[in-house]
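Morning, everyone. I'll walk through a few places in it.

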Amino acid sequence: MSEELICITCPIGCHLSIERLPEGKLAVSGNRCPRGIKYANEELLNPKRVVSATAAIDYSGIEHEESLAEIARIPVRTDAAYPKEGVNEVLAAIYALKVKLPIKRGTILLADFKGSGVNVIAARSLGLEALA
Amino acid sequence: MKELYFDSVVIGGGAAGMASALELDKAGLSTAILEREECLGGILGQCIHNGFGLIEFNEELSGPEFAEKVEERLAATGVRAFTGLTVMELQLASELKTLYCYSGQHGVLRINAKLVVLAMGCRERNRGNIRIPGDRPAGVYTAGLAQRLVNIEGYIPGKDVVIIGSGDIGLIMARRMSWVGCKVHAVVEILPYPSGLTRNIVQCLNDFDIPLYLSHLTTRIIGRKRVEGVEITPIESGAIMTEKAFVIPCDTVLLSVGLVPENELSKMAGVEINPMTNGPFADSMLMTNIPGVFACGNVLHVHDLVDYVVEEARRAGIYAASWLKGNSPKAEARVKTGANVRYTAPSRVDPDKNNKLYLRSLIVKNDAQLEVRINNRLVKSIKKTHIQPSEMLTVDLGPKELESVKDSPDPVVEIAIS
């Protein structure tokens with residue numbers, strides 16, 4: 001039985017057909033260029049996603065400016081693609097965070113998540129002016 | 001009333017406004033950015049997903065990171081940024097432009113400038129714009145509003161979601177809503193093909209097994225107080241198949257049905273608007289019909305990548321500064337949209353310089369040909385492996401290709417796709 005994928009390496013979006021061969025390799029057809037083969041292998045054998053979400057801000061004990069009042073969440077993301085099947089675990093860990101201000105963009109919030117080498121980082125600076 | 005004077009004023013502090021202000025400052029002009037929100041960055045602040053900056057910064061960033069990096073460049077300049085300030089009226093006719101503004105901090109302000117750059121961006125089309133019949137319950141949001149609620153203000157607008165329209169913001173929100181624990185039941189698209197990028201279809205819908213109904217019309221929103229469902233009707237060979245209509249239960253509807261450049265201020269001030277883009281007509285210097293008034297970014301035409309917005313805005317800043325020094329094109333040719341081209345921006349080219357034109361196709365096609373003709377003579381032909389309306393195309397036209405423009409009194413440059 002063959003599996004179907006749409007290659008997203010470029011805007012053409014080739015419709016790929018993939019056969020799983022006995023020795024664990026893949027036979028890819030429908031691709032217009034070699035990148036289709038690479039994409040199919042990554043996507044079927046080791047799919048990964050960059051996770052971007054938001055985390056709660058810990059406002060307890062802070063007298064923050066009015067302009068910050070409507071900002072309830074801080075954007076965060078993984079600094080590299082993470083195995084797709086573990087994305088929900090990354091999300092759960094992000095949602096459990098309470099981020100203290102001030103914070104600088106790029107600050108590591110979760111280091112080396114589950115030994116993957118992937119970090120979760122803050123995707124914006126917040127509250128630095130209030131401190132200065 | 002407080003009165004201020006600058007060489008140049010930029011309306012809007014998003015990606016376009018910041019990028020053009022950087023260039024105006026670099027050219028030695030005293031420059032102000034006028035921003036309605038409390039912080040700079042525009043819509044980037046709520047676009048927390050990845051994929052910005054591959055062209056501009058050579059790395060994949062989220063929207064807030066992209067904005068912050070541009071802001072950091074701005075902080076190192078003399079540009080004065082006003083935030084929380086709304087421009088109420090523009091008076092552009094005389095040499096010195098006057099802007100009437102209001103802000104909580106400064107009260108009513110009169111700001112004067114020798115040139116104005118319009119960079120107000122765009123806003124979302126809503127339910128009224130596409131006339132969806134039915135009840136008027138709570139729970140109907142534009143996708144961008146929902147994005148702001150979820151990503152910045154920390155509210156989740158509902159649990160069971162149907163998204164109408166397959167634009168990129170709608171697709172991105174399908175993933176975002178799934179990742180905050182909602183169930184997205186469907187994306188409904190009236191056209192036979194998706195309006196968003198393929199990579200977003202794959203990563204935002206297929207990853208979550210969200211069905212995409214192409215060629216389906218939303219015929220009714222159902223619900224007395226809160227949305228209870230949407231009625232969807234298939235379209236077959238152009239006919240609305242009423243007897244095949246079905247209802248998808250949900251408590252929230254997100255609309256991703258297009259963006260419109262925000263030109264209320266410009267229209268009031270007499271700026272001429274191109275009905276194909278809903279943005280101003282721009283000449284080869286990105287100047288509108290009013291001398292000294294320039295436009296760039298999504299207020300000019302809706303872009304699909306912020307990197308292109310920045311590129312265009314930078315050019316607008318450079319051209320505006322150059323115009324103030326007395327430079328203007330000796331001869332310009334108007335650009336005509338030929339077969340299968342929806343629009344080009346700008347709509348004029350200067351045969352003495354390198355022009356970059358952005359354009360949108362009306363068709364989806366593999367192995368297409370983009371052709372440029374001057375007075376019906378072919379001067380450039382570009383092969384495109386794949387084109388679709390949702391992906392903006394660019395064409396570079398330089399003095400060599402445009403040489404014959406100078407031979408004719410009213411030259412026409414036509415761009416067509418076949």
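Leaving aside neighbours within four places in sequence, which residues is B:S166 in contact with? Before I answer, some housekeeping. This is a predicted model, where local features need pLDDT of at least 70, side-chain atom pairs count only at pLDDT 80 or more, and totals for chains, interfaces and linings use all residues. Residues are numbered from 1 along each chain as its sequence is written, chains are lettered from A and ligands numbered from 1 in the order in which they are written, and side-chain values use heavy atoms, with hydrogens and water left out.

Now the answer. B:S166 is in contact with B:L171, B:V187, B:V188, B:E189, B:P194, B:S195, B:G196, B:L212 and B:S256. Contact here means heavy atoms within 4.5 Å. The residue is found in the loop between β11 and α5 (168-179) of chain B. For these labels, helices (H or I, at least four residues) and strands (E, at least two) are DSSP runs, numbered from the N terminus. B:S166 counts as buried because its relative accessibility is 0%. The cut-offs: buried is under 20% relative accessible area, exposed is over 50%, and partly exposed is in between, with a 1.4 Å probe and protein chains only. One of those partners, B:E189, also makes a side-chain polar contact with B:S166, at 2.5 Å. A polar contact is a pair of N or O atoms within 3.5 Å; within protein, one must be able to donate a hydrogen and the other to accept it, and residues adjacent in sequence count only if both atoms are side-chain atoms.

Next, strand β18 of chain B, residues 252-255. In a regular strand, side chains alternate between the two faces of the sheet. Here B:T252 and B:L254 point one way, B:V253 and B:L255 the other, and all are buried. Which strands pair with β18(B) in the parallel sense? One is β10 of chain B, residues 140-142, over three bridges. Another is β11 of chain B, residues 160-164, over four bridges. Pairing requires that DSSP finds at least two bridges between the strands. For landmarks, B:Y141 has B:L254 as its bridge partner, and B:I164 has B:L255.

On to helix α4 of chain B, residues 143-153. Eight of its 11 residues are buried, so the helix is mostly covered. Among them are B:A143, B:Q147 and B:I152. What do they pack against? The buried residues of α4(B) pack against β9 (122-124), β10, α5 and β18 of chain B, and also against β5 and β6 of chain A. After the helix comes B:G154, with a positive phi near 80°.

That brings us to the interface. The contact takes 30 residues from chain A and 32 from chain B. About 2,700 Å² is buried between the two chains, and carbon and sulfur atoms give 51% of that. Buried area is the accessible area (1.4 Å probe) that two parts lose on being put together, summed over both. How many salt bridges does the rule find across this interface? Five. The rule asks for a side-chain nitrogen of Lys or Arg within 4 Å of a carboxyl oxygen of Asp or Glu. B:E68 forms one with A:R105, with the closest N and O atoms 3.2 Å apart. On the chain A side, the elements giving two or more residues are β5 (52-58), β6 (73-78) and α3 (87-95).

Back inside chain B, look at B:A19, in helix α1, residues 15-26. At 3% relative accessibility, B:A19 is buried. B:A19 and B:R314 are 295 residues apart in sequence, yet 5.4 Å apart in space, C-alpha to C-alpha. Not counting residues up to four places away in sequence, B:A19 touches B:V310, B:A313 and B:R314.

Last, some backbone points. Most residues other than glycine have a negative phi, and most peptide bonds are trans. The bond from A:L101 to A:P102 is cis, with omega near -5°. Another cis bond joins B:A345 and B:P346, with omega about 0°. A:D112 has a positive phi of about 45° although it is not a glycine, and is partly exposed at 39%. B:N340 also has a positive phi, near 65°. B:N340 lies in the loop between β23 (333-337) and β24 of chain B.
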